[in-house]
Amino acid sequence: MTDKKLYIKERDTLFEIMKSGNTEEVIRWYDENATLYDEQFNSCGFVYHLTTVETVCKVAPDKKAVILDVGAGSGVIGKLLRDHGYCTIDAVDASEGMLKIAGQKNIYRSLICAKIGTELIQEETCEYL
Ligand SMILES: C[S@@+](CC[C@H](N)C(=O)[O-])C[C@H]1O[C@@H](n2cnc3c(N)ncnc32)[C@H](O)[C@@H]1O
């Protein structure tokens, strides 16, 4: 099976897991498929990452803004933000596998492995956009 076919099959599995509402299983899926994520991202025809960054540029034109990329994954949006001149970006994601890939890109000031809605982010870092 090609990587693309494998990824599509795995993605269908993810949709089923999401329907069940089991967050732990969702995170496990991202961990297990992290190495396939970037390779397949462009072939999916997504535009949300472009519109997200466009919006950030509009609401926070100051490139010194400190940004928290929530659900940062492998750093797709972080990379675009860096390309647009933002230089202080932290990443939070519950998948260690996805964060590991993000870390290899040297985009983020810090990588925070945490599940959204269950863990506090340290007070001194609460300067985010
Ligand atoms: C579709 S990916 C998006 C990644 C990246 N923002 C992008 O646009 O390519 C969703 C990411 O959210 C993370 N995620 C899902 N549920 C989460 C939760 N409850 N807490 C933290 N991260 C979560 C997953 O691990 C995954 O990396």
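Analyst: Below we go through the strands, the core, a few residues and the ligand shell. Bear in mind that this is a predicted model.

User: Ok, strands first. Which strands pair with strand 2, and in what sense?

Analyst: Strand 1, residues 66-70, pairs with strand 2 in the parallel sense over five bridges. Strand 3, residues 110-113, also runs parallel to strand 2 and is joined to it by four bridges.

User: What stands opposite Asp 69 in strand 2?

Analyst: Ala 91 does. From strand 1 the chain passes through helix 4 to reach strand 2, a β-α-β crossover that is right-handed.

User: And on the strand 3 side, what is the bridge partner of Asp 90?

Analyst: Ser 110 in strand 3. The chain gets from strand 2 to strand 3 through helix 5, residues 96-104, and that β-α-β crossover is right-handed.

User: Why is strand 2 called largely enclosed?

Analyst: Strand 2 covers residues 88-93, and five of its six residues are buried, so the rest of the structure largely encloses it.

User: Switching to the core. Which residues touch the most other members of the largest nonpolar core?

Analyst: Ala 72, Leu 81, Ile 89, Ala 91, Ala 102 and Tyr 108, out of 16 residues in that core. Helix 2, helix 4, strand 2 and helix 5 each supply at least two residues of the core. In soluble globular proteins, nonpolar side chains tend to be buried together.

User: What does Ala 72 touch?

Analyst: Leaving out residues up to four places away in sequence, Ala 72 touches Ile 77, Gly 78, Ala 91, Val 92, Asp 93 and Ala 102.

User: Ala 102 again. Which residues of helix 5 are buried?

Analyst: Gly 97, Met 98, Leu 99 and Ala 102 are buried there. The buried residues of helix 5 pack against helix 2, helix 4, strand 2 and strand 3. Just after helix 5, Asn 106 takes a positive phi of about 50 degrees.

User: Back to Leu 81. Where is its place, and is Leu 81 buried or exposed?

Analyst: Leu 81 is in helix 4. It counts as buried because 26 other C-beta atoms lie within 10 Å, and the cut-off for buried is 20 or more.

User: And what does Leu 81 touch, not counting residues up to four places away in sequence?

Analyst: Val 53, Val 56, Ile 67, Tyr 86 and Ile 89. Of these, Ile 67 is 14 residues from Leu 81 along the chain, and their C-alpha atoms are separated by 9.3 Å.

User: How about Thr 13, where is it found?

Analyst: Thr 13 is in helix 1, residues 3-20. With 14 other C-beta atoms within 10 Å, Thr 13 is partly exposed. Its C-alpha atom is separated by 9.7 Å from that of Val 26, 13 residues apart along the chain.

User: Last topic, the ligand. How many residues surround the ligand, and which are the closest?

Analyst: There are 16 residues around the ligand, and the closest are Gly 71, Gly 73, Val 76, Ala 94 and Ser 95. The shell divides into nine nonpolar, five polar and two charged residues.

User: Which helix gives the most to that shell?

Analyst: Helix 2, with four residues. Helix 2 spans 23-41 and helix 4 spans 76-83, and each supplies at least two residues of the shell.

Definitions and conventions. Residues numbered from 1 in each chain as written. Predicted model: local features only at pLDDT ≥ 70, side-chain atom pairs only at ≥ 80, totals over all residues. Near = placed C-beta within 6 Å. Nonpolar A, V, L, I, M, F, W, Y, C, P; charged D, E, K, R; others polar. Buried ≥ 20, exposed ≤ 12 C-beta atoms within 10 Å, placed from the backbone. Pairing = 2+ DSSP bridges. Right-handed = clockwise from strand over helix to strand, strands pointing away. Core = buried A, V, L, I, M, F, W, Y, C linked by C-beta atoms within 7 Å. Contact = placed C-beta atoms within 7 Å.
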